[in-house]
Amino acid sequence: MAAYIVRCADNSLYTGIALDVRGRIEKHNSGQGAKYTRSHGPVTLVKTESYKTEGEARKREAYIKSLTKIKKERLLPKLS
């Protein structure tokens with residue numbers, strides 16, 4: 001199970017969890033994903049974190065969603 005962060009077309013960030021992150025990104029981009037990404041897509045995957053259990057992934061997702069955008073940006077890998 002993985003927690004993931006995507007960047008939407010409007011530069012906002014969306015956080016979710018999935019077993020198959022690539023498949024989930026495809027769903028977001030085809031309009032079958034979360035309600036939020038349907039109106040803010042397309043999305044680009046910017047970070048994934050793997051967890052052993054769904055519970056761990058859900059806790060991380062909830063934590064990331066509680067952060068401000070600035071703090072979420074700090075979690076992302078730096079582009080060089």
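**Close-up views of salt bridges and a buried threonine**

**View 1. Arg7, Lys69 and Glu73 are joined in a network of salt bridges.** In this predicted model, the pair formed by glutamate 73 and lysine 69 has its closest N and O atoms 3.4 Å apart, and the two residues lie four residues apart in helix H4 (residues 69-75), about one turn of the helix. Glutamate 73 is partly exposed at 26% relative accessibility, and lysine 69 is likewise partly exposed, at 37%. The structure as a whole holds six salt bridges.

**View 2. Arginine 58 forms a salt bridge with glutamate 54.** The closest N and O atoms of this pair are 2.7 Å apart, and the two residues, four apart in helix H3 (residues 54-66), are separated by about one helical turn. Arginine 58 counts as partly exposed, with 45% relative accessibility, and glutamate 54 is partly exposed as well, its relative accessible area being 39%.

**View 3. The side chains of glutamate 61 and lysine 65 meet in a salt bridge.** The N to O distance is 3.2 Å, and both residues belong to helix H3, where they stand four residues apart, about one turn of the helix. Glutamate 61 is buried, with a relative accessible area of 12%, whereas lysine 65 is partly exposed, with a relative accessible area of 43%.

**View 4. Threonine 15 lies in strand S2 (residues 13-18).** This residue is buried, with a relative accessible area of 2%. Neighbours within four places in sequence being left aside, threonine 15 is in contact with Tyr4, Ile5, Glu61, Ile64 and Lys65, a list that includes both partners of the salt bridge between glutamate 61 and lysine 65.

Note on methods:
Residues are numbered from 1 along each chain as its sequence is written. This is a predicted model: local features need pLDDT of at least 70, side-chain atom pairs count only at pLDDT 80 or more; totals for chains, interfaces and linings use all residues. Side-chain values use heavy atoms; hydrogens and water are left out. Buried means under 20% relative accessible area, exposed over 50%, partly exposed in between (1.4 Å probe, protein chains only). Contact means heavy atoms within 4.5 Å.
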